[in-house]
Amino acid sequence: MTLRRSENSLEALEPVDLLVGGTATGLGSWPGTDPREAAATIIGELPVLPHLVELPERGIGADMIGRVSALLVDLRFDSTTRGYRLAARPTGVSRRARDLLHADLDAIEEAWETAGLAGTGRVVKIQAAGPLTLAAEVELPGGHRILTDSGAVRDLSESLAEGLVRHAAEIRKRLGAEVIIQLDEPRLNTVLEGALQGPSILNTIRALPEPDTLHILDTVINAQSSPVLLHTCASRPPLTTLGRTAAAAISFDAAAITTADLDALGEIIDSGKKIALGLTPTTPPTAPATWRDIAEPAVRLIDRLGFPRTTLATQILVTPSCGLAGAPLPWARKALALTTDVARAFAEEPESITFE
């Protein structure tokens with residue numbers, strides 16, 4: 001949420017919600033290695049809520065975890081045979097991550113200006129791995145996961161929080177845009193369930209209690225002036241925990257929802273949080289798909305929960321079911337077009353959508 005001056009008063013400020021229902025966006029990753037081509041495509045295909053593209057095919061420092069090394073304040077990563085670990089001094093990995101991120105920022109700034117959007121106050125989304133996933137994936141210098149050291153987790157969370165504040169400020173300055181921040185937490189379930197392994201098979205990591213989980217997430221979320229969307233691609237998203245965070249919206253794959261999740265999902269919608277619902281498949285379907293095919297699970301879900309169809313227009317954003325980095329480029333473009341068509345239908349005529 002941001003603040004905007006009221007038309008009726010030069011003094012009054014009124015809140016403006018940047019997370020708007022009936023909007024299409026992507027989850028971040030994209031096929032290929034050319035940031036300029038990717039930025040132009042995303043801005044063209046997602047005119048309402050484009051995002052800063054992630055291109056993991058470029059390798060170390062460009063994947064979801066390594067990319068965060070470019071954002072952290074006074075912390076940096078090095079690579080190992082198992083992934084990444086904290087380093088005592090700047091490394092080639094951290095320098096590469098920064099170079100790649102700067103190339104992405106230059107690319108979106110160029111595409112933004114070409115599209116005539118510079119200084120218009122339009123909204124753009126940025127993404128970063130969340131603190132729990134980082135703590136689960138990245139090792140301490142001694143080889144144990146950061147998650148095993150509460151002090152290191154605190155330092156990591158505070159560094160990420162400050163880094164995201166700076167990152168969002170640079171986007172605002174470069175583009176003249178408002179910013180939404182997406183935190184990716186694919187490891188959230190694993191952390192909550194104590195399913196992480198340590199350096200050896202005999203070394204297990206205890207489950208993180210929910211209060212500690214919420215505190216870590218909210219440390220990052222509450223530090224931001226931008227609204228935060230919390231995303232997980234877990235096969236069973238922990239909706240109760242997600243709903244208790246300070247995030248303005250949560251995001252997950254619609255196909256992951258079961259009957260057991262309905263009460264928790266209904267409570268989240270009742271609370272006023274937005275839902276970014278993953279609907280469009282990341283791989284080409286065996287039969288041609290229409291926007292109605294893509295929309296049907298969301299419409300039936302809202303009906304089943306007993307909410308009016310207008311909820312699709314006010315609280316539901318539409319995304320692909322996951323990142324598109326592994327998709328063939330033609331399908332990735334088609335997926336965004338379908339996602340946009342579904343969001344438009346939700347925004348314009350949710351009550352009249354019918355299925356055969």
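Start by selecting helix H9 (residues 262-270) and helix H10 (residues 291-305): their axes come within 10 Å and cross at roughly 90°. Before going further, some ground rules: this is a predicted model, in which local features need pLDDT of at least 70 and side-chain atom pairs count only at pLDDT 80 or more, while totals for chains, interfaces and linings use all residues. Residues are numbered from 1 along each chain as its sequence is written, and side-chain values use heavy atoms, with hydrogens and water left out.

The helix labels come from DSSP runs (H or I, at least four residues, for helices; E, at least two, for strands), numbered from the N terminus. Axes are lines fitted to C-alpha atoms, for helices over the stretch in contact, and angles run from 0 to 180 degrees between N-to-C directions. Angles under 35 degrees count as roughly parallel, over 145 as roughly antiparallel, 65 to 115 as roughly perpendicular and the rest as oblique. H9 and H10 are therefore roughly perpendicular to each other.

Now show side chains where they touch (contact means heavy atoms within 4.5 Å). On H9, pick Leu-262, Leu-265, Gly-266 and Ile-269; on H10, pick Leu-301, Ile-302, Arg-304 and Leu-305. Colour by class and you get six nonpolar, one polar and one charged in the contact of H9 with H10. The classes: Ala, Val, Leu, Ile, Met, Phe, Trp, Tyr, Cys and Pro are nonpolar, Asp, Glu, Lys and Arg charged, and the others, Gly among them, polar.

Next, jump to helix H1 (residues 35-45) and helix H3 (residues 92-114), whose axes come within 8 Å and cross at roughly 45°. That angle makes H1 oblique to H3. Select Pro-35, Arg-36, Ala-39, Ala-40 and Ile-43 of H1, then Ala-103, Asp-104, Asp-106, Ala-107, Ile-108, Glu-110, Ala-111 and Trp-112 of H3, to see the contact. The tally for H1 with H3 is nine nonpolar, no polar and four charged residues.

Glu-37, Thr-41, Ile-42 and Glu-45 in H1 meet Leu-329, Arg-333, Leu-336, Ala-337 and Thr-340 in H12. That contact of H1 with H12 splits into four nonpolar, two polar and three charged.

Time for a surface. How big is the largest pocket? Its volume is about 330 Å³. (On a 1 Å grid over the protein atoms alone, a pocket is an open set of points where a 1.4 Å probe fits, with protein on both sides within 12 Å along at least five of seven lines; lining residues have an atom within 4 Å of a point.) Centre on Leu-147, Ser-150, Val-153, Leu-208 and Ile-216, the closest to the pocket's centre of the 18 lining residues. Helix H5 (150-175) and helix H7 (210-221) are the elements giving two or more residues to this lining, and H5 gives the most, with five.

Last stop: the second largest pocket, with about 250 Å³ of space. Of its 17 lining residues, Ser-29, Glu-54, Met-64, Asp-184 and Gly-323 lie nearest the centre. The lining of this second largest pocket divides into nine nonpolar, five polar and three charged.

Conventions
Grid points are joined across faces, edges and corners, and a volume is the space filled by probe spheres set on the points.
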